[in-house]
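Thanks for making time this morning. I would like to walk you through one model, so please have a look at it before I start.

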Amino acid sequence: MRDSRLLARLLADPAAAREVQDWTSLIAVARAESLAGSLAWRLEGRELPPRVEALLEAARRDGESARVQALWEAEMARRALAPLGVPVILLKGTAYAAAGLEAARGRSIGDLDILVPRAALPDVERALLAAGWEWVKEDPYDDQYYRRWMHELPPLIHRERDRMIDVHHAILPLTARPKPDMERMIGDPVPLADGLFVLSPADMIVHAAAHLFADGDLAGGLRNLWDIDRLLRQFGERDSGFWPALRERSQRHGLLPAVRRAVRLARHLYATPINWCQAPISKSLDSQGTASEKIGARHQLTATDALYRRRLLARDGWGRARRPLTRLAFYVRSHWLRMPPLMLARHLWVKARRR
Amino acid sequence: MRHILRLQVGPVSFRIGSQWRGPVEQLRRLYAGYPEPEGLCDFTVRLEAERFWRRWLRPSVAIRGDYVLPDAAPLPLAQGLLAAEMGMNLQMALGQKRFLLLHAASVEKGGRALLMTGHSGAGKSTLGALLGERGWRFMGDEFALLDLDDGRLHPFPRAVSLKNESLGLFDGMDPARLGPVLTGTPKGTIRHLRPNPEAVARMTEPARPVLILFPRFGRDLEPAIREVGAAEAFMRLTQASTNYVALGERGFDALTRFVGALPSRAIDYADTGQAEALVDELWRAA
């Protein structure tokens, strides 16, 4: 729709702020997509109407205190888990903030997500419970479901600080079709100064793309894709070996299609520079085509991508979810991807009876 | 959205959209004379059917907007005005980060402000509204906005929400200033009162706070005044603030400065006459 498209355009090109007529709608969309803080940082220092500037300034400060709180929560988990001697890898927003990445600027951070080796789960669980975290809801079916099939423990919440922690041992449900090589991913993290870890740059993208396209119904997708844009830019500029590594890792984890789709959509919505091919390819071109045309064709959206774009932009200027059928289709798809048909039927049956 | 109202209250502006005409019409009448915001609105409130058929069939109003509570119960359409008010409160409670938000009533005299806070039922709304009719300028009965930089209080003069027994105290009021009587709401019987023209005209004028009161109402209470130390006032105000935690260090700094610079008193009263006398006494000393 018009309004979420304008949001994406402004994130990609802050100079377009001159053309905004209806700031109220733009802010409503940005808030609904959890992108208000990111937008505020992108527009910092622009000439804006005073009321808009005041609102964005508050959003920037809010993002800053959210960052401090998220890092504090990571520190609390670090202290609880340090005696175990297992690597604790931060994921998503907290990881971006802890690693000082551009993607963390203004990003809202909800739960703390960590990744630990599967063999260490019982110890990690015990240590967290001893340090004041408790189960959000105790339900035998859910508990069983999480432990047997999912890639994470049931969510825990800290009884004093009221913050949730998701403890992952994999990046996709165990029942999902792609089978990422978790040993490799957990075995090759980047250490931070305080003893915590983050994923390697390529694995960070693989995880973000897996989260976006191979798991879940694309809720919050515009924000997740914005993360991917920021990460790709920063990693690509920093290290010429990044893109080949990304290809190699994506392939190894069985997620190259998801990563390629994420890259195409990021380029389409946020003008992300892409550099899959390091080697000059002009030699292989015939006399009709130029290099850029050829590369352009390879980054074109496919028909399926267009459906994803439709879902990603399904929000109007009042912040309302639009396109209920597209949303429903992606919701059904998210379950389809997560588990085989018979298991899905059983799962939905149990869920439906409980309502 | 079919029915839209844009509303400026103090330094905050709202865009309220509704699928039904009723709530927006009632809101327009209640807030007659309020300015329309120029340009951007800080918050969007949406009143919409929870499921699409509930727009016509036993219509119920879900309170949504920029910020939502996932488990907020919808209200029947007859209470649509209350839904709009709750929608605005919700945006403030969850989304306002420009000020430290205190769940309190405030009134002003001679450029100096009095803040009254307490649990629901302590009488801060009623006292704020009564004082606002008796020589004080009414600044707000729901939220007081403490400036994070200069420590002044900003007015937020929304319609007063009169509840249950306190309705009777305002019987003689100009009927044009009163909203419809809403019965059977989650908080009992509610009627809204538009602040007087002075409160509306001066809604952008902040004031320096000079006294914090913690009123307590009870039919059997003897009138009493008790000093409240800065530490206790601090703790009670953190509980009365919806965004203290979210503001982090800035919230802490603003609140410690606030309780350090002002005297705090708790007062007990059994009727509004006693309360007014106690306020007068403390105000003269402040």
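In what order do the 5 strands of the open sheet in chain B lie, and what is their pairing? Before I answer, please keep in mind that this is a predicted model. The order is S1-S2-S3-S4-S5, and the pairing within this open sheet of chain B is mixed. Strand S1, residues 3-9, and strand S5, residues 75-76, are at the edges of the sheet in chain B, and because each has a single partner strand, one side of each is left without a neighbour in the sheet.

Helix H1, residues 21-30 of chain B, touches S1, strand S2 (12-18), strand S3 (43-49) and S4, and its direction makes about 30 degrees with that of S1(B). Helix H2, residues 80-95 of chain B, touches S2, S3, S4 and S5, with a direction that makes about 140 degrees with that of S3(B).

Let me step back to the domains. Chain B is divided into domain 1, residues 3-95, and domain 2, which is made up of 99-158 + 195-285. The centres of these two domains of chain B, taken over C-alpha atoms, are separated by 26 Å, and their contact takes 9 residues from domain 1 and 14 residues from domain 2. On the domain 1 side of that contact, H2(B) gives the largest share, 3 residues, and by class this side has 6 nonpolar, 3 polar and no charged residues.

Now for the other chain. The contact between the chains takes 15 residues from chain B and 17 residues from chain A. On the chain B side, S2, S3 and helix H6 (244-247) each supply at least two residues, and the residues of this side divide into 5 nonpolar, 4 polar and 6 charged.

Finally, within chain A, how do helix H1, residues 2-12, and helix H2, residues 23-32, cross? Their axes come within 9 Å and cross at roughly 80 degrees, which means that H1(A) is roughly perpendicular to H2(A). At this crossing, A:Asp3, A:Ser4, A:Leu6 and A:Leu7 in H1(A) meet A:Ser25, A:Leu26, A:Val29 and A:Ala30 in H2(A), and by class the contact has 5 nonpolar, 2 polar and 1 charged residues.

How values were computed
Residues are numbered from 1 along each chain as its sequence is written. Chains are lettered from A and ligands numbered from 1 in the order in which they are written. This is a predicted model: local features need pLDDT of at least 70, side-chain atom pairs count only at pLDDT 80 or more; totals for chains, interfaces and linings use all residues. Two strands pair if DSSP finds at least two bridges between them. Helices (H or I, at least four residues) and strands (E, at least two) are DSSP runs, numbered from the N terminus. Two residues are in contact if their C-beta atoms, placed from the backbone, lie within 7 Å. Axes are lines fitted to C-alpha atoms, for helices over the stretch in contact, and angles run from 0 to 180 degrees between N-to-C directions. Domain bounds come from an automatic or database domain assignment. Ala, Val, Leu, Ile, Met, Phe, Trp, Tyr, Cys and Pro count as nonpolar, Asp, Glu, Lys and Arg as charged, and the others, Gly among them, as polar. Angles under 35 degrees count as roughly parallel, over 145 as roughly antiparallel, 65 to 115 as roughly perpendicular and the rest as oblique.
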